[in-house]
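Subject: Structure handover

Hello,

Here is the structure I promised. Please load it first, then read my notes below.

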Amino acid sequence: MTPDQLALKELLDSAPLAWVQLNPNQRSLLRKTLRPDGEFTPEQRELLQDRYLPITTEQLAQAQRLLLPRRTQVNARADADGAMWLPADLLTDCMEVSDTYHAIVGLLAQLPITLKPADDFPAPSPLDI
Amino acid sequence: MRTLTLFDPAFVNRPGFDPDAEAWFAQVEAAGSVFAEGAKAAYSKFFVQLKSDGNLAPFSNGMLLAFAGFSGLGGCFRPITSRGNALPTNVGFVAGQKVAAGLQGNGSAYINCNVGFLAGQQNNQSAFVWHSDIYASPGVYLGTGFGDDGSTQLGDNTLFANGPFFRCSSSGAISIGGPRTEFDIALCQRTQASEFSYLSGSRSGNAAVVSQAPLLLDVFMFTRNSGGSPTNPTDRRLSLGGFGDALPNPGAYRTTCNTLMTELGVTP
(Lines give C-alpha, C1' and ligand atoms only; values in the text may rest on other atoms or scores of the structure.)
Protein backbone atom coordinates (compact mmCIF):
# COMPACT_ATOMS: atom_id res chain seq x y z
CA MET A 1 0.00 0.00 0.00
CA THR A 2 1.08 3.58 -0.62
CA PRO A 3 1.31 5.93 2.39
CA ASP A 4 -1.95 7.58 1.28
CA GLN A 5 -3.72 4.23 1.02
CA LEU A 6 -2.37 3.21 4.40
CA ALA A 7 -3.61 6.46 5.94
CA LEU A 8 -7.05 5.85 4.45
CA LYS A 9 -7.07 2.27 5.76
CA GLU A 10 -6.14 3.49 9.24
CA LEU A 11 -8.88 6.12 9.06
CA LEU A 12 -11.45 3.44 8.19
CA ASP A 13 -10.02 1.16 10.87
CA SER A 14 -10.46 3.85 13.52
CA ALA A 15 -14.18 4.48 13.00
CA PRO A 16 -16.93 3.54 10.53
CA LEU A 17 -17.33 6.14 7.79
CA ALA A 18 -19.78 6.23 4.91
CA TRP A 19 -18.74 7.22 1.39
CA VAL A 20 -20.67 10.47 1.75
CA GLN A 21 -18.71 11.35 4.90
CA LEU A 22 -15.34 11.20 3.15
CA ASN A 23 -13.77 14.36 1.75
CA PRO A 24 -13.21 14.67 -2.02
CA ASN A 25 -9.56 13.61 -1.80
CA GLN A 26 -10.42 10.56 0.31
CA ARG A 27 -13.24 9.62 -2.07
CA SER A 28 -10.95 9.94 -5.04
CA LEU A 29 -8.29 7.78 -3.41
CA LEU A 30 -10.79 5.15 -2.26
CA ARG A 31 -12.42 5.06 -5.67
CA LYS A 32 -9.07 4.73 -7.42
CA THR A 33 -7.97 2.04 -4.98
CA LEU A 34 -11.14 -0.01 -5.04
CA ARG A 35 -11.98 0.04 -8.74
CA PRO A 36 -11.00 -3.43 -9.97
CA ASP A 37 -9.11 -3.66 -13.22
CA GLY A 38 -9.71 -7.37 -13.53
CA GLU A 39 -9.54 -9.28 -10.29
CA PHE A 40 -8.86 -7.66 -6.92
CA THR A 41 -5.24 -6.77 -6.21
CA PRO A 42 -3.65 -7.65 -2.85
CA GLU A 43 -4.02 -3.98 -1.84
CA GLN A 44 -7.71 -4.03 -2.67
CA ARG A 45 -8.18 -7.26 -0.76
CA GLU A 46 -6.41 -5.82 2.27
CA LEU A 47 -8.60 -2.74 2.19
CA LEU A 48 -11.81 -4.71 1.71
CA GLN A 49 -11.12 -7.64 4.02
CA ASP A 50 -13.57 -7.83 6.91
CA ARG A 51 -15.32 -4.59 5.91
CA TYR A 52 -19.08 -4.53 5.79
CA LEU A 53 -21.95 -2.08 5.37
CA PRO A 54 -24.79 -2.26 7.92
CA ILE A 55 -28.22 -2.51 6.33
CA THR A 56 -31.77 -2.91 7.58
CA THR A 57 -34.21 -5.45 6.25
CA GLU A 58 -36.33 -2.57 4.93
CA GLN A 59 -33.40 -1.12 2.98
CA LEU A 60 -32.55 -4.56 1.66
CA ALA A 61 -36.11 -5.18 0.53
CA GLN A 62 -36.22 -1.82 -1.19
CA ALA A 63 -32.96 -2.52 -3.01
CA GLN A 64 -34.09 -5.91 -4.18
CA ARG A 65 -37.67 -5.13 -5.13
CA LEU A 66 -37.54 -1.61 -6.43
CA LEU A 67 -34.06 -0.74 -7.60
CA LEU A 68 -31.98 -3.62 -8.88
CA PRO A 69 -32.57 -5.11 -12.33
CA ARG A 70 -33.89 -8.63 -12.78
CA ARG A 71 -31.30 -11.36 -12.20
CA THR A 72 -29.26 -9.08 -9.96
CA GLN A 73 -29.75 -9.03 -6.21
CA VAL A 74 -27.81 -8.35 -3.04
CA ASN A 75 -27.58 -10.61 -0.02
CA ALA A 76 -26.86 -9.52 3.54
CA ARG A 77 -25.02 -11.59 6.11
CA ALA A 78 -26.34 -11.84 9.67
CA ASP A 79 -23.88 -11.42 12.54
CA ALA A 80 -24.11 -13.22 15.86
CA ASP A 81 -26.53 -10.56 17.15
CA GLY A 82 -28.79 -10.82 14.12
CA ALA A 83 -27.73 -7.50 12.57
CA MET A 84 -27.50 -7.53 8.76
CA TRP A 85 -24.35 -6.58 6.82
CA LEU A 86 -23.47 -6.24 3.15
CA PRO A 87 -19.86 -6.94 2.08
CA ALA A 88 -18.05 -3.69 1.23
CA ASP A 89 -17.04 -5.37 -2.07
CA LEU A 90 -20.27 -3.95 -3.45
CA LEU A 91 -18.74 -0.45 -3.37
CA THR A 92 -16.29 -1.59 -6.06
CA ASP A 93 -19.04 -2.37 -8.55
CA CYS A 94 -21.55 0.45 -8.17
CA MET A 95 -19.85 3.78 -8.95
CA GLU A 96 -20.17 3.81 -12.75
CA VAL A 97 -23.41 3.72 -14.71
CA SER A 98 -22.35 0.43 -16.26
CA ASP A 99 -21.59 -1.20 -12.89
CA THR A 100 -23.63 -4.18 -11.72
CA TYR A 101 -24.99 -2.47 -8.62
CA HIS A 102 -25.17 1.13 -9.85
CA ALA A 103 -28.93 1.18 -9.20
CA ILE A 104 -28.25 1.17 -5.44
CA VAL A 105 -25.20 3.45 -5.33
CA GLY A 106 -27.30 6.08 -3.52
CA LEU A 107 -28.03 3.58 -0.75
CA LEU A 108 -24.53 2.09 -0.54
CA ALA A 109 -22.89 5.53 -0.32
CA GLN A 110 -24.86 6.26 2.87
CA LEU A 111 -23.81 3.10 4.73
CA PRO A 112 -20.77 3.36 7.04
CA ILE A 113 -17.83 1.20 5.98
CA THR A 114 -17.34 -0.87 9.13
CA LEU A 115 -14.61 -3.26 10.24
CA LYS A 116 -16.24 -6.56 11.20
CA PRO A 117 -13.87 -9.39 12.15
CA ALA A 118 -14.83 -12.84 10.91
CA ASP A 119 -15.41 -13.86 14.53
CA ASP A 120 -18.43 -11.53 14.62
CA PHE A 121 -20.27 -13.90 12.30
CA PRO A 122 -21.45 -17.32 13.44
CA ALA A 123 -19.44 -20.13 11.86
CA PRO A 124 -21.56 -22.98 10.55
CA SER A 125 -21.04 -26.36 12.12
CA PRO A 126 -20.95 -29.47 9.95
CA LEU A 127 -24.51 -30.16 11.03
CA ASP A 128 -25.58 -26.88 9.43
CA ILE A 129 -24.19 -28.06 6.13
CA MET B 1 -20.50 -16.27 -53.17
CA ARG B 2 -17.05 -17.06 -51.81
CA THR B 3 -16.00 -20.69 -51.49
CA LEU B 4 -13.38 -21.72 -48.99
CA THR B 5 -10.71 -24.12 -50.19
CA LEU B 6 -8.55 -26.37 -48.08
CA PHE B 7 -5.70 -23.91 -48.59
CA ASP B 8 -7.68 -20.82 -47.74
CA PRO B 9 -6.28 -19.29 -44.54
CA ALA B 10 -9.80 -18.81 -43.23
CA PHE B 11 -10.27 -22.55 -43.46
CA VAL B 12 -6.81 -23.68 -42.43
CA ASN B 13 -6.74 -21.42 -39.37
CA ARG B 14 -10.18 -22.37 -38.14
CA PRO B 15 -9.59 -23.94 -34.73
CA GLY B 16 -12.27 -26.56 -35.25
CA PHE B 17 -13.93 -26.22 -31.86
CA ASP B 18 -16.88 -28.33 -30.88
CA PRO B 19 -20.02 -26.56 -32.19
CA ASP B 20 -21.77 -26.64 -28.80
CA ALA B 21 -18.64 -25.22 -27.22
CA GLU B 22 -18.57 -22.46 -29.83
CA ALA B 23 -22.18 -21.56 -29.07
CA TRP B 24 -21.29 -21.27 -25.38
CA PHE B 25 -18.16 -19.24 -26.15
CA ALA B 26 -20.35 -16.75 -28.02
CA GLN B 27 -22.69 -16.38 -25.02
CA VAL B 28 -19.83 -15.90 -22.58
CA GLU B 29 -18.21 -13.28 -24.81
CA ALA B 30 -21.53 -11.53 -25.36
CA ALA B 31 -21.70 -11.19 -21.57
CA GLY B 32 -18.42 -9.27 -21.63
CA SER B 33 -15.99 -12.02 -20.71
CA VAL B 34 -12.71 -12.78 -22.54
CA PHE B 35 -11.23 -16.27 -22.74
CA ALA B 36 -7.61 -16.78 -21.77
CA GLU B 37 -5.19 -18.07 -24.38
CA GLY B 38 -5.77 -21.76 -24.95
CA ALA B 39 -8.93 -21.82 -22.85
CA LYS B 40 -11.27 -22.30 -25.80
CA ALA B 41 -9.32 -25.34 -26.96
CA ALA B 42 -9.43 -26.78 -23.44
CA TYR B 43 -13.17 -26.20 -23.12
CA SER B 44 -13.79 -27.63 -26.59
CA LYS B 45 -12.06 -30.85 -25.54
CA PHE B 46 -14.15 -30.76 -22.35
CA PHE B 47 -17.38 -30.62 -24.37
CA VAL B 48 -16.27 -33.40 -26.71
CA GLN B 49 -15.30 -35.70 -23.84
CA LEU B 50 -18.46 -35.00 -21.85
CA LYS B 51 -20.61 -35.85 -24.85
CA SER B 52 -18.57 -38.97 -25.57
CA ASP B 53 -19.09 -40.19 -21.99
CA GLY B 54 -22.76 -39.19 -21.88
CA ASN B 55 -21.89 -36.77 -19.07
CA LEU B 56 -23.19 -33.54 -20.61
CA ALA B 57 -26.86 -34.36 -21.22
CA PRO B 58 -27.67 -34.94 -17.49
CA PHE B 59 -26.95 -31.27 -16.76
CA SER B 60 -29.57 -30.18 -19.30
CA ASN B 61 -32.08 -31.19 -16.60
CA GLY B 62 -30.43 -28.79 -14.17
CA MET B 63 -27.55 -26.40 -14.80
CA LEU B 64 -23.80 -26.53 -15.48
CA LEU B 65 -21.76 -23.37 -14.81
CA ALA B 66 -18.06 -22.71 -15.44
CA PHE B 67 -16.07 -20.02 -13.64
CA ALA B 68 -12.46 -20.54 -14.80
CA GLY B 69 -10.41 -19.78 -17.91
CA PHE B 70 -11.88 -16.39 -18.75
CA SER B 71 -11.87 -12.89 -17.36
CA GLY B 72 -14.98 -10.81 -16.70
CA LEU B 73 -17.81 -11.61 -14.31
CA GLY B 74 -20.59 -11.80 -16.92
CA GLY B 75 -19.57 -15.17 -18.36
CA CYS B 76 -20.01 -16.84 -14.96
CA PHE B 77 -23.76 -16.51 -15.42
CA ARG B 78 -23.99 -18.05 -18.89
CA PRO B 79 -24.63 -21.78 -18.39
CA ILE B 80 -22.93 -24.43 -20.51
CA THR B 81 -26.37 -26.02 -20.42
CA SER B 82 -29.51 -25.65 -18.34
CA ARG B 83 -33.11 -26.82 -18.18
CA GLY B 84 -35.18 -24.67 -20.53
CA ASN B 85 -32.12 -22.47 -21.16
CA ALA B 86 -32.66 -20.94 -17.71
CA LEU B 87 -30.27 -18.19 -16.67
CA PRO B 88 -29.03 -17.86 -13.09
CA THR B 89 -29.28 -14.76 -10.92
CA ASN B 90 -26.15 -13.07 -9.57
CA VAL B 91 -26.71 -12.29 -5.90
CA GLY B 92 -23.88 -10.05 -4.76
CA PHE B 93 -20.84 -11.05 -6.81
CA VAL B 94 -18.76 -8.07 -7.99
CA ALA B 95 -16.19 -7.87 -10.78
CA GLY B 96 -13.12 -8.14 -8.54
CA GLN B 97 -14.23 -11.54 -7.25
CA LYS B 98 -13.77 -13.09 -10.70
CA VAL B 99 -10.26 -14.52 -10.72
CA ALA B 100 -8.60 -16.55 -13.46
CA ALA B 101 -9.06 -19.80 -11.53
CA GLY B 102 -12.73 -19.28 -10.77
CA LEU B 103 -15.20 -17.24 -8.75
CA GLN B 104 -14.24 -16.22 -5.22
CA GLY B 105 -16.98 -16.30 -2.61
CA ASN B 106 -17.12 -13.72 0.18
CA GLY B 107 -19.46 -15.36 2.68
CA SER B 108 -22.47 -13.52 1.28
CA ALA B 109 -22.61 -13.66 -2.52
CA TYR B 110 -24.23 -16.64 -4.18
CA ILE B 111 -25.87 -17.78 -7.41
CA ASN B 112 -29.54 -18.66 -7.68
CA CYS B 113 -29.76 -21.15 -10.54
CA ASN B 114 -33.49 -20.41 -10.94
CA VAL B 115 -34.02 -24.12 -11.55
CA GLY B 116 -33.99 -27.04 -9.12
CA PHE B 117 -34.69 -30.72 -8.79
CA LEU B 118 -38.05 -31.88 -10.08
CA ALA B 119 -40.74 -34.09 -8.63
CA GLY B 120 -39.80 -37.65 -9.47
CA GLN B 121 -36.11 -36.82 -9.85
CA GLN B 122 -35.16 -38.17 -6.42
CA ASN B 123 -33.63 -41.37 -7.78
CA ASN B 124 -31.93 -39.75 -10.74
CA GLN B 125 -30.03 -36.72 -9.49
CA SER B 126 -26.49 -35.43 -9.14
CA ALA B 127 -24.73 -32.32 -7.86
CA PHE B 128 -21.08 -31.32 -7.82
CA VAL B 129 -18.59 -28.50 -7.37
CA TRP B 130 -14.91 -28.29 -8.33
CA HIS B 131 -12.91 -26.49 -5.62
CA SER B 132 -9.90 -24.39 -6.46
CA ASP B 133 -8.53 -23.21 -3.18
CA ILE B 134 -7.49 -24.78 0.09
CA TYR B 135 -9.12 -23.92 3.38
CA ALA B 136 -10.41 -25.25 6.63
CA SER B 137 -13.51 -23.22 7.46
CA PRO B 138 -16.94 -24.70 6.82
CA GLY B 139 -19.39 -23.25 4.35
CA VAL B 140 -21.96 -24.54 1.90
CA TYR B 141 -20.97 -24.74 -1.75
CA LEU B 142 -24.16 -25.89 -3.44
CA GLY B 143 -27.52 -27.22 -2.44
CA THR B 144 -31.18 -27.10 -1.56
CA GLY B 145 -33.11 -27.95 1.56
CA PHE B 146 -32.72 -27.39 5.27
CA GLY B 147 -29.93 -28.53 7.53
CA ASP B 148 -32.16 -29.73 10.33
CA ASP B 149 -34.97 -31.53 8.56
CA GLY B 150 -33.64 -35.03 8.96
CA SER B 151 -30.64 -34.64 6.73
CA THR B 152 -28.22 -37.51 6.79
CA GLN B 153 -24.55 -36.72 6.69
CA LEU B 154 -23.01 -38.86 3.97
CA GLY B 155 -19.36 -37.93 4.16
CA ASP B 156 -17.47 -36.09 6.86
CA ASN B 157 -14.07 -35.25 8.22
CA THR B 158 -13.47 -38.71 9.61
CA LEU B 159 -14.30 -40.43 6.38
CA PHE B 160 -12.56 -38.07 4.02
CA ALA B 161 -9.76 -36.61 6.14
CA ASN B 162 -10.81 -32.97 5.98
CA GLY B 163 -12.82 -33.56 2.84
CA PRO B 164 -16.20 -32.03 2.10
CA PHE B 165 -19.47 -32.78 3.80
CA PHE B 166 -22.25 -34.27 1.76
CA ARG B 167 -25.73 -34.22 3.11
CA CYS B 168 -28.94 -35.75 1.84
CA SER B 169 -32.15 -34.84 3.56
CA SER B 170 -34.98 -37.25 4.11
CA SER B 171 -36.93 -35.05 1.72
CA GLY B 172 -34.49 -35.63 -1.11
CA ALA B 173 -32.45 -32.43 -1.04
CA ILE B 174 -28.70 -32.28 -1.56
CA SER B 175 -26.05 -30.04 -0.11
CA ILE B 176 -22.27 -30.06 -0.38
CA GLY B 177 -20.09 -28.15 2.05
CA GLY B 178 -16.60 -27.90 3.48
CA PRO B 179 -13.94 -27.86 4.91
CA ARG B 180 -11.79 -29.11 2.12
CA THR B 181 -8.04 -29.39 1.71
CA GLU B 182 -7.37 -30.11 -1.94
CA PHE B 183 -8.17 -28.98 -5.48
CA ASP B 184 -10.63 -31.46 -6.92
CA ILE B 185 -14.24 -32.46 -7.33
CA ALA B 186 -16.93 -33.03 -4.71
CA LEU B 187 -19.85 -34.87 -6.27
CA CYS B 188 -22.82 -36.81 -4.98
CA GLN B 189 -25.59 -38.53 -6.86
CA ARG B 190 -28.38 -41.03 -6.55
CA THR B 191 -29.46 -43.65 -9.04
CA GLN B 192 -31.52 -45.85 -6.74
CA ALA B 193 -34.01 -45.30 -3.95
CA SER B 194 -31.87 -46.63 -1.12
CA GLU B 195 -28.41 -45.30 -1.78
CA PHE B 196 -26.36 -42.20 -2.45
CA SER B 197 -22.89 -42.39 -3.97
CA TYR B 198 -20.30 -39.65 -3.68
CA LEU B 199 -16.86 -38.62 -4.81
CA SER B 200 -14.37 -36.56 -2.84
CA GLY B 201 -11.42 -36.26 -5.18
CA SER B 202 -10.28 -39.79 -5.93
CA ARG B 203 -12.09 -41.23 -2.92
CA SER B 204 -15.61 -42.55 -3.31
CA GLY B 205 -18.26 -44.28 -1.29
CA ASN B 206 -21.92 -45.02 -0.81
CA ALA B 207 -24.39 -44.32 1.96
CA ALA B 208 -27.79 -45.85 2.51
CA VAL B 209 -30.39 -43.09 2.54
CA VAL B 210 -33.98 -43.85 1.62
CA SER B 211 -35.25 -41.26 -0.82
CA GLN B 212 -38.40 -39.22 -0.75
CA ALA B 213 -39.74 -36.70 -3.23
CA PRO B 214 -37.28 -33.79 -3.68
CA LEU B 215 -37.93 -30.38 -2.25
CA LEU B 216 -38.96 -28.27 -5.19
CA LEU B 217 -36.52 -25.49 -4.43
CA ASP B 218 -34.16 -23.80 -6.85
CA VAL B 219 -30.57 -24.87 -6.36
CA PHE B 220 -28.16 -22.22 -5.05
CA MET B 221 -24.40 -22.29 -5.64
CA PHE B 222 -21.92 -20.92 -3.08
CA THR B 223 -24.63 -21.59 -0.47
CA ARG B 224 -27.72 -23.70 0.17
CA ASN B 225 -31.33 -22.72 -0.48
CA SER B 226 -33.22 -22.97 2.80
CA GLY B 227 -36.79 -22.12 2.00
CA GLY B 228 -35.74 -19.41 -0.42
CA SER B 229 -32.96 -17.95 1.73
CA PRO B 230 -29.21 -18.61 1.51
CA THR B 231 -27.69 -20.39 4.51
CA ASN B 232 -23.99 -20.37 5.37
CA PRO B 233 -22.58 -19.06 2.07
CA THR B 234 -18.97 -19.99 1.51
CA ASP B 235 -16.12 -17.52 1.12
CA ARG B 236 -14.05 -19.94 -0.93
CA ARG B 237 -13.42 -20.30 -4.65
CA LEU B 238 -15.20 -22.60 -7.10
CA SER B 239 -14.20 -23.32 -10.71
CA LEU B 240 -17.14 -25.44 -11.86
CA GLY B 241 -20.52 -26.31 -10.42
CA GLY B 242 -23.62 -28.08 -11.56
CA PHE B 243 -26.53 -30.38 -10.91
CA GLY B 244 -29.05 -32.41 -12.86
CA ASP B 245 -29.77 -36.06 -13.60
CA ALA B 246 -27.40 -38.76 -12.40
CA LEU B 247 -24.19 -39.11 -14.43
CA PRO B 248 -23.59 -42.41 -16.22
CA ASN B 249 -19.91 -42.28 -15.28
CA PRO B 250 -18.97 -40.04 -12.34
CA GLY B 251 -15.36 -41.26 -12.35
CA ALA B 252 -14.92 -40.27 -15.97
CA TYR B 253 -16.55 -36.96 -15.21
CA ARG B 254 -13.98 -36.24 -12.51
CA THR B 255 -11.16 -37.11 -14.90
CA THR B 256 -12.61 -34.81 -17.58
CA CYS B 257 -12.99 -31.95 -15.12
CA ASN B 258 -9.47 -32.42 -13.78
CA THR B 259 -8.05 -32.45 -17.32
CA LEU B 260 -9.87 -29.20 -18.06
CA MET B 261 -8.56 -27.59 -14.90
CA THR B 262 -5.00 -28.68 -15.61
CA GLU B 263 -5.19 -27.26 -19.13
CA LEU B 264 -6.65 -24.01 -17.78
CA GLY B 265 -3.77 -23.73 -15.35
CA VAL B 266 -5.99 -24.01 -12.27
CA THR B 267 -3.39 -25.52 -9.97
CA PRO B 268 -2.44 -25.02 -6.34
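The notes below cover conventions, the interface, chain B, its cysteines and a sheet in chain A.

This is a predicted model: local features need pLDDT of at least 70, side-chain atom pairs count only at pLDDT 80 or more, and totals for chains, interfaces and linings use all residues. Residues are numbered from 1 along each chain as its sequence is written, chains are lettered from A and ligands numbered from 1 in the order in which they are written, and side-chain values use heavy atoms, with hydrogens and water left out.

Interface. Contact means heavy atoms within 4.5 Å. By that rule, 25 residues of chain A touch 35 residues of chain B. The two chains bury about 2300 Å² between them. Buried area here is the accessible area (1.4 Å probe) that two parts lose on being put together, summed over both. Carbon and sulfur atoms give 53% of the area buried between chain A and chain B. On the chain A side, Arg71(A), Asn75(A) and Ile129(A) supply 33% of what chain A buries against chain B, more than any other three residues.

Chain B. Chain B has 5 helices and 20 strands. These are DSSP runs, numbered from the N terminus: helices are H or I of at least four residues, strands are E of at least two. Of its 268 residues, 60% are buried. Buried means under 20% relative accessible area, exposed over 50%, partly exposed in between (1.4 Å probe, protein chains only). Among contacts in chain B with a separation of 6 or more, 65% join residues 24 or more positions apart.

Cysteines. There are 0 disulfides over all chains, a disulfide being a pair of cysteine sulfur atoms within 2.5 Å. For Cys76(B), the nearest cysteine sulfur is that of Cys113(B), 13 Å away. Cys76(B) has 0% relative accessibility, so it counts as buried. For Cys257(B), the nearest cysteine sulfur is that of Cys188(B), 14 Å away. Cys257(B) is also buried, at 0%.

Chain A sheet. Five strands form an open sheet, in the order β1-β6-β2-β5-β4 (chain A), with antiparallel pairing. Two strands pair if DSSP finds at least two bridges between them. β1 (17–18) and β4 (77–78) of chain A are at the edges with a single partner strand each, so one side of each has no neighbour in the sheet. β2 (residues 51–55) and β6 (residues 112–115) of chain A pair over 2 bridges. Tyr52(A) has Thr114(A) in β6(A) as its bridge partner.

Best wishes
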